[in-house]
Amino acid sequence: MTDLAAPADYVAPDQNDPAVRAVQEDRLRAVWQPPSGWFFRWTDVNNNRVGVWYTLTAFAFMLFAGVLALIMRAQLAVPENDLVTANTFNQLFTLHGSTMMFLFAVPMFEAVSIILLPQLLGARDLPFPRLSAFGYWSFLIGGVFVTGSIFFNAAPDGGWFMYPPLTTRTDLSGLGADIWMLGLSFIEVSSVAAAVELIVGVLKCRPPGMRLNLMPLYAWYILVVAVMILFAFPPLIAGDVLFEMERLLDWPFFDAARGGDPLLWQHLFWIFGHPEVYIVFLPSIALFAMLIPTFAQRHLLGYPWIVLAAVGTAFLSFGLWVHHMFATGLPKISLAFFSAASEAVAIPTGIQVFAFIATLWAGRVIWSTPLLYAVGSIAIFTIGGLTGVMVAIAPFDWQAHDTYFVVAHLHYVLIGGTLLPLFAGLYYYWPLVTGKKLSDRIGRTAFWVMFAGANLAFFPMHLSGLEGMPRRVFTYPAELGIGGLNMASTLGGFLFAAGVLLVCIDMALSPTRAKSPRNPWNAGTLEWLAHPDDEDWGIRSVPLVTSRYPIWDQPGFVDRVDQGRFFLPDAEEGRRETIITSVIDARPIQVARLGMPSVIPMITAVALGSVFILTTYHLYWWALAGAVATLAAVLTWLWTTAEIPEKPCKPIGHGLVVPLYLSGPSASGWWAMFITMMADATAFSGLLFGYYFFWTVHPDWPPPGHAGPGRFWPLVALALTIASWAATVGARELNVRGAVAAARVLLGVALLASLASIAAGLAGPWTSGLVPSAHSYPAIVWTLAIWTTAHAGIAAICQGYTLARSLAGRMTPEYDADLRNITVFLHFLLATAVATYLTIGLFPELRA
């Protein structure tokens, strides 16, 4: 397990002695209990509690979006209806789609994962609980800001896709477009934060012995989906940057009259938008992967094939985005490639579905309420998948594009692939979260009501779409002859809503019911170690795992966990702790000290939210003050979190001693920085894609009359960035060798080089007289330069912070995680600078 052994004088606690176990449990209880008082309970960063808040908030947004949908269906029930105006309908339509996709589907999967993963992995918590809390508060603030706009007649009305130029022209769209763009950009920050937490949690917080090939499939799916978020959300963030710079500063990225192109937005949006469908689908399949073996009472068949299929689905999903753009006049070779990729994605999806069916076929099926929802959702999703193959064929898509046929396809996929599976997970995991089961009678009734309602609502839309009903219209003439189909869809929508209402009633009645027995479904995975009367510490001791279903396969497993006979059964130093393990084989390598309850994540989210919200209303000086407050909160957060432990190592049981501090690639903090920078690099690649996209659509690039920034200043900026990077790397190497004074000098040099690179990076566009509002070329050059120099400014802050840590004695040659982590940032900054300055400085001349 590890090469570290306990000291010779170490005496292991006698877990046979009830008094010893009682003392250990008292210490755990004291550490993990939430703060007293209602306000301070909200500052607790325990992932289980944060996950519950997250889940309830996402569920509330789903209900809100559902009400918007019912109003739309009421408007469309009969021809030429005047229940709402066209402007109100557009706001309802935009907010319904935006809320369901950005405020429900993705946040709900992240929220559920924050609850389940620590228990599923036998961990006390995920590695960065304060980051999860920050993500929740960001999500809440941004969600209330966006959804609340409809009550002031200021909601976005350009569709959840917000296609330019209608949305970028301020004379055609009001404040709602800014609210959508800046509010959802803020929410995307919380999504990326949650992705970082989940990836590091899966890779580094598994229990000893749980190698990658023993991980529960839920963990595999969440790992795949979280990685997808790193590559899907950042291009949309890049698009948001260009979108808002056009709206706020009149930089013409999407204005064809000044060299822009609206198709650039479509590319950036759908590079996010189609993987998004699988980002919300795969976590639902993950729930199936947990509950189907339970109700088949056997191991899941085809484990390695399912893992490969999940990875394959994720990979292929990034090659499909153009099938949303078949009607835009793209080259035929593009149509052929993306049509083939769109059909190919059905193969790994089919592998997963057939593996679940085979498991049920080979097992002794228990027809429970959760399984009923799972099987019903597979049936509905299959219909959506079949129509998806139809619209993947370009000639058919040309006929069905922008009709209600596509609306029907989308909702069959999302209801069957996201919503009903979540209800299956709700009924399955409700006893785990609350200690009480939901009603089988109400649950089954709700299922059949929803199943009938979904088909009645959306199947007729296939027909109305083929009859010619376009999407995004608030009314239609009676002469089309589709009034009956629309009335059926409206009745189906309200019937589906009645089923959801039954589920809400069932949840509301839950507190009045008796406690359920432990592991009421007789499941075999670690999360069901939870007991209805469990304390806040979660698992009693971190187990040694040798099977994918340890409760079924390891004799006496539950009793040994309960008696503290595995690892870390105590909290003798009065700290929240969990075990960090190696990525591949899950060897214990560290006991990580976790964040204690704190108001700092909430303050940071409020400060950052103020930047986005105040910018929406063009209050730039106040937004700048919010940015300064955000920086202060982040630095306070980091300064108070990173600490040098009181001792180097700690016994964790069974004669094993592991460090309390790690730095470099073994540490979870290093992984968090690397993963965050992958997301940052992907966002930058979206901006770089914009530059080369414009090059492909313009016969002359740079266009006549718009000279480039020249070679001199871009190459000077690149040289200064290289100097900053080299000095930081040198400081890291000198520090680890004990040359602390020399390392501090190099950090100072690195800081000055970073600041100088900012001036040089902006000097090129400035001295060349590039006017960004005149044409898309100077606009994209300025954008790349600003992005890179802004990162150089962050590098200077990181270098100054690390230097201050060293001078304060909080960073030493042995405890050097700060320096190692900022070096990762500098690696990515160097790559960004090379791509930016060679592109804007040399590319036009080399092309000439």
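**Legends to views of a predicted protein model**

**Figure 1. Contacts and overall form of the protein.** Of the contacts (heavy atoms within 4.5 Å) that the protein makes between residues at least 6 apart in sequence, 81% join residues at least 24 apart. This is a predicted model, in which local features need pLDDT of at least 70 and side-chain atom pairs count only at pLDDT 80 or more, while totals for chains, interfaces and linings use all residues. Residues are numbered from 1 along each chain as its sequence is written, and side-chain values use heavy atoms, with hydrogens and water left out. The secondary structure comprises 25 helices and four strands; helices (H or I, at least four residues) and strands (E, at least two) are DSSP runs, numbered from the N terminus. The radius of gyration, taken over C-alpha atoms, is 28 Å, close to the 29 Å given for 848 residues by the globule rule, so the protein is as compact as a globular protein of that length. That rule is 2.2 Å times the number of residues to the power 0.38. Along the principal axes, the C-alpha atoms fill a box of roughly 85 × 70 × 50 Å.

**Figure 2. Domains of the protein.** The domain assignment, which is automatic or from a database, gives domain 1 (49-512), domain 2 (599-635) and domain 3 (668-847). Between the C-alpha centres of domain 2 and domain 3 the distance is 24 Å.

**Figure 3. Val311 in helix H9.** Val311 is placed in helix H9, which covers residues 303-317. Its relative accessibility is 40%, so Val311 counts as partly exposed; buried means under 20% relative accessible area, exposed over 50%, and partly exposed in between (1.4 Å probe, protein chains only). From C-alpha to C-alpha, Val311 and Pro665 are 24 Å apart in space, and 354 residues separate them in sequence.

**Figure 4. Arg518 in a loop.** The loop between helix H16 (483-509) and helix H17 (550-553) contains Arg518. With a relative accessible area of 25%, Arg518 is partly exposed. Leu529 is 11 residues from Arg518 in sequence and 7.9 Å from it in space, C-alpha to C-alpha.

**Figure 5. Thr682 and the residues that it touches.** Thr682 belongs to helix H21 (residues 668-697). Thr682 counts as buried because its relative accessibility is 10%. Leaving aside residues up to four places away in sequence, Thr682 touches Leu230, Phe231, Pro234 and Pro235. In the protein as a whole, buried residues make up 60% of the 848 residues.
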